[in-house]
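This report goes through selected local features of the model shown below, chain by chain. Please keep the sequence and the structure at hand while reading.

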Amino acid sequence: MIPASRWERQLSQVLQGETMCLAIPMKIKKIKGEFAEVEAGRLIRSVNIQMLPDLQAGDYVIVHAGFAIQKIDPKKAKDTLRLINEIH
Amino acid sequence: MKYIDEFRNKSLIKKLGDKINALAPSRKINLMEVCGTHTQNFFRFGLDELLPGRVSLISGPGCPVCVSSAEYIDQAILYARNKDFIVLTFGDMLRLPGSRSTLEKAGAEFGNVRMVYSAQDALRLAKLNPRKRIIFLAVGFETTAPTVALSVMQAQKGKLENLFFFTALKLIPPAMDYLLRDKRLNLDGFLCPGHVSAIIGSRPYEFIPKTYGRGCCITGFEPLDILEGIYLLLRQIAEKKPVVANQYIRVVNKEGNPRARRILSRVFKVSDTCWRGLGKIPKSGLELKAGFSQFDIAKIMPLEIKSASRPPAQPSRQCRCADVLKGLIKPDECLLFRKACSPEHPLGPCMISVEGACNAYYKYR
């Protein structure tokens, strides 16, 4: 599988351990105890979710070095885009 | 929303660029982006072309590979020379020079250095190789530290007796404090690292406006994030009201991730540590607490490195990574840059790491 876009290539570098520090938004597909199956583009991984209580399938999380470290708040993401739009 | 393309919207990028130009004061402004991923993305997306010349972005020490000391690599190589050990490392540490060699060369020679993506891999490999002693090289900042801490706790719970950690984890706010004390830098504000802040929250930065009267802004990593972070910082400077601003609200809140911090403080305690280029900074590192010392390879098998008798290899004497890491010079002011030193033949850590400032300058400028 060859990732298509640049960010997918970057993502795959992260997930193969070529770079350690990047963290990326990934979507939770399925939760299995302390782990979850997450996806971004066509890439699927299993990550540890012990640092985040109350996750559900469909949530987006920031994944770093095999762990979900923080949940992304969709409402606040929209707020950010709206604020940028409203700067005048 | 997938949280990527939405934050790469071209017309909004252009609009923010224009607003920054209109807002920037007429004097010279020095902003530091502490995190190496900010440096990379700033140049990767060509955002430098959108800023007015009088606004400089200075790269900071937020690249864990870049700030790992040569002594740390020397010691890791000594472990790798022992055939009973398997040394596990994040990929971009492989080419980082110690005083004489790299982990990549040691791996080629002794065959027991392996690249991993997560501290979780260390647990798996320890179980798979019960006759080997597995050493995980734990480098990184507050983002990585809880992932290591949780893995240490799992190792203890699983009674793994052949897994060890060689830790050089570091803390970002003490390094920012160190840089603010350096009068040569004359910083007007900081872009704070988004994913370190995802763990620590916004409170640990409050000393920046309180003690130093400088502003800062927790910032995400997409083009619109970085530009909005710069915009919010410039607005603080224009209004002369320094605060801890937060651009990255979709990921960072005031509290950070309390559960991650609890895990971290259960396993680690704060200690002094050495940063390549910056030297020893008080209370800027993490070491395993006494209850976990059976996993601390530096305690179990301390190795003496006679650093005085091992001068660094010739080319690196001219390497100015130390000044780049402090923000005192830009990468292209180093004599080796683009000549003896490139991503294919890197001489210093800031070129080796994909998070390094020299690497970003080389690739994108």
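## Residues with positive phi

B:N186 sits in the loop between α8 (172-181) and β7 (189-193) of chain B; helices (H or I, at least four residues) and strands (E, at least two) are DSSP runs, numbered from the N terminus. B:N186 is not a glycine, yet has a positive phi of about 50°. B:N186 is exposed, since 10 other C-beta atoms lie within 10 Å. A residue counts as buried if 20 or more other C-beta atoms lie within 10 Å of its own, as exposed if 12 or fewer do, and as partly exposed in between, with C-beta atoms placed from the backbone.

In chain A, the loop between β3 and β4 (60-64) holds A:D54. A:D54 also has a positive phi, of about 60°, although it is not a glycine. With 6 other C-beta atoms within 10 Å, A:D54 is exposed.

## Basis and confidence

The model is predicted: local features need pLDDT of at least 70, side-chain atom pairs count only at pLDDT 80 or more, and totals for chains, interfaces and linings use all residues. Residues are numbered from 1 along each chain as its sequence is written, and chains are lettered from A and ligands numbered from 1 in the order in which they are written.

The average pLDDT of chain A is 85, and 75% of the residues score at least 70; pLDDT is the predictor's confidence in each residue, from 0 to 100. Within chain A, confidence is lowest in helix α1 (residues 6-15), with a mean of 63, and highest in strand β5 (residues 67-71), at 96.

## The hairpin of chain A

Strands β2 (residues 35-40) and β3 (residues 43-48) of chain A run antiparallel and are joined by 6 bridges. Two strands pair if DSSP finds at least two bridges between them. A:E39 has A:I44 in β3(A) as its bridge partner. The hairpin of β2(A) and β3(A) has 2 residues between the strands, and A:G41 takes a positive phi near 60°.

## The parallel sheet of chain B

In chain B, 4 strands form an open sheet in the order β4-β3-β5-β6, with parallel pairing. β4 (113-116) and β6 (163-169) of chain B are at the edges with a single partner strand each, so one side of each has no neighbour in the sheet. Neighbouring strands of this sheet are turned by 25° against each other on average, direction ignored.

Strand β3 (residues 85-90) of chain B runs parallel to strand β5 (residues 133-140) of chain B, and 4 bridges join them. B:F85 has B:R133 in β5(B) as its bridge partner. Helix α7 (residues 145-157) of chain B packs on the sheet and touches β5 and β6 of chain B; its direction makes about 160° with that of β6(B). Axes are lines fitted to C-alpha atoms, for helices over the stretch in contact, and angles run from 0 to 180 degrees between N-to-C directions. Contact between two residues requires their C-beta atoms, placed from the backbone, to lie within 7 Å.

## A helix pair and a loop residue in chain B

Helices α4 (residues 70-80) and α5 (residues 103-110) of chain B pack at an angle of about 10°, with their axes 10 Å apart. α4(B) is therefore roughly parallel to α5(B) (angles under 35 degrees count as roughly parallel, over 145 as roughly antiparallel, 65 to 115 as roughly perpendicular and the rest as oblique).

B:D296 lies in the loop between β11 (279-288) and α13 (297-300) of chain B. Because 19 other C-beta atoms lie within 10 Å, B:D296 is partly exposed. Leaving aside neighbours within four places in sequence, B:D296 is in contact with B:F165 and B:L288.
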